[in-house]
Amino acid sequence: MTAKLFMEEILTVGWERLCLFCLFFSALFSALLLFPAGRLAAERVLRKNRRGIAAGLPVHLIPAVWSLVLLVPAHCLFPVPGTNESALAVCFAALVLFAAASSAYPVCVRVLLEGYARTTEAEVETARTLGMSDAMIRRDLLAGRTRGKTREAYLLTLCRFFAELVPGMVAAAILMGTDSFGALCDLKQVGRNAAFLEAMLLSVGILLAAALAVFSAGRISKRRKHGT
Amino acid sequence: MAPENTKDLTIRLRKRADGTGKALDVDIRVSGGNLCLFGDADSGRSEVLRCIAGLDKPDEGRIALGDRVLFDSMEESCLPPALRRVGYLAEGAGLFSRLTVSENLRLALSGGGREDGSSPEKHALKEAEDSILRDFGLDGLGGLLPEHLSKSQTVLALFARMLAAKPSLVLLDNPFRDLGGYEKADILEKIREKLTKERIPWIFAGNDRDEIYAMGDLVCVLHEGKSEGTKKRDAFFQSPETLAGAILSGCENLAPVTRLDAFHVTVPDWGQVLCFRRTEGQAQKETEEEKTKEEPDPAKAEEKSGAVKAQEKTAHGEAEKGLVLRRNEGEDIALWRPPGERWKELPKDIAAVGIRAEDFLLKEPEEGSAYLALPVRDRKIREERSTLDLAFLPGAQAKKPLHLRMQKSEMNKNELNSVEKVYISENKILWLRD
């Protein structure tokens, strides 16, 4: 029922307006993506304190924080009355998720690649002290990785990447979902104080997102500590 | 493979600090015996081992194992790690994680077994691999991935892999850190036996006293990237010469001193002004060491001896047998000097004194030995599993307590509670440089 309602509302918004909306937010996200402060801070923390819980936090907080930051302009810039609001919120949620993924991507990839590269270097050093020449290392150790078992390693790396990304995306989705739900409540005039309900739901969403971010950060820092 | 002289080891290297490592200034020359680099995690021990293994390049120096020069900055020679035949077990190292134990061994066997890097026959490889697995008690584990091994099995497999490459020297960087108690002692013994049997010299780096004692004939303390001289193991543990060495060797009672003159130091932490003179035996030992460095000058020696005698007469002339060396609030701390004994001046660079907790005596030593008597104030007794620890202030002005340790089998708590004075033989006091 809700999905049907959303679909109807998306259609009533009009594609032209939707495209404009998407373009505007794409530009906004690109600008934010280029804005280096957040990412640099995250990377610095990651480099200096790989083992602390702080190491995992920035990666997952970035999408959540962005979602929050973008909720406000969304409401201010597009005060679409009545029926269109929840549809816009759905589009907006999709865009936020995209932005979240984009923001987390470079940091995650760098961390994963660095970890992978470090392991390889240590193993190559060990191989050298075992008397293996560079040619032997390439043939027996490194080349071996790209065949058979190494495919597993790549797959594992890819899975880990998504695993690291997912909590951030879920956090953003929770935030946007609660906002959308609030908008729907507004639309349907559910309860006598819809604004209060929306605020409450949003708070719950923020708490859930924060808890999820902290949990996943702890999990990642633990995993890093064990060097896996 | 031609036999080679692996007894003499020269490690002389300097390296500036860079992004990854500490600055190093190391000079170690060993002729026979296995060496332990004793230092904490920041001492630069891993960096030294990495330089020996060829993984890092020093700025200058020389590293030679017998007749083989591994690195020489003057000759601009630097052997690559693969040709050094130096096995290196880095701290926290692991097996190649995606390969089974057997595959790990096979790589080492095919790499290190032959100078030209060609692969040995398959059946020969298999035989060698089985034999190594048997030797290290890893039979039946060859097909397992490293993640399925226990910690002790991993350590054994790492050693097995390292020895499979037939090294001429083995470098061990704190390899037992993940092992506990009995497990560690067992594996340590196994490894030592194996290396001794194969006649492979080793350099062990770590910060655990028991491990150092078990693994080394010679000990070299590394402190902030600098080597502080090499001593025989027992001599080091009995009389470390530096503050860092004393801390590492487990000396509990350490205090900085200020040298007042040739025979007196103040020890503010213990509220003492102490007078110490090393006895003839010690002086003689040191003189012999010095003789190798410089020719003795008889005129100077006579002059020095005269000066000492003069000082003795003026400062301590009143006591012929027991010299009163310190007066503090009416208490005398006496250092008894056997008549006619020749004493030597305190070293100029003395920075601290140390007394080991187990070196205190509760009874006055017999005549004929020099000793220091200390009063016991503000005592606190702590009971441990097999020992009693007495913490006390050696005087009213003392700021820091001294610790005395007794075996429970030797004394009970009540007896220790009634002790009024403790004694320390003069030759048990450690004179420490910075």
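Me: How many contacts beyond four places in sequence does the model have for residues 224–228 of chain A, over which pLDDT stays under 50?

Reply: The model has 5 such contacts for residues 224–228 of chain A. Two residues are in contact if their C-beta atoms, placed from the backbone, lie within 7 Å, and pLDDT is the predictor's confidence in each residue, from 0 to 100. This is a predicted model, in which local features need pLDDT of at least 70, side-chain atom pairs count only at pLDDT 80 or more, and totals for chains, interfaces and linings use all residues. Residues are numbered from 1 along each chain as its sequence is written, while chains are lettered from A and ligands numbered from 1 in the order in which they are written.

Me: What is the average pLDDT of chain A?

Reply: The average is 54, and 8% of the residues of chain A score at least 70.

Me: Why is helix H5 (residues 151–164) of chain B called roughly parallel to helix H6 (residues 181–198) of chain B?

Reply: Their axes, which come within 11 Å, cross at roughly 10°. Angles under 35 degrees count as roughly parallel, so H5(B) is roughly parallel to H6(B).

Me: What makes strand E20 (377–383) and strand E22 (402–407) of chain B edge strands?

Reply: The open sheet has the order E20-E21-E22 in chain B, with antiparallel pairing. Two strands pair if DSSP finds at least two bridges between them. E20 and E22 of chain B each have a single partner strand, so one side of each is left without a neighbour in the sheet.

Me: How many bridges join strand E21 (residues 387–393) of chain B to E22(B)?

Reply: They pair over 6 bridges; the partner of Leu388(B) in E22(B) is Met406(B).

Technical notes:
Axes are lines fitted to C-alpha atoms, for helices over the stretch in contact, and angles run from 0 to 180 degrees between N-to-C directions. Helices (H or I, at least four residues) and strands (E, at least two) are DSSP runs, numbered from the N terminus. Angles under 35 degrees count as roughly parallel, over 145 as roughly antiparallel, 65 to 115 as roughly perpendicular and the rest as oblique.
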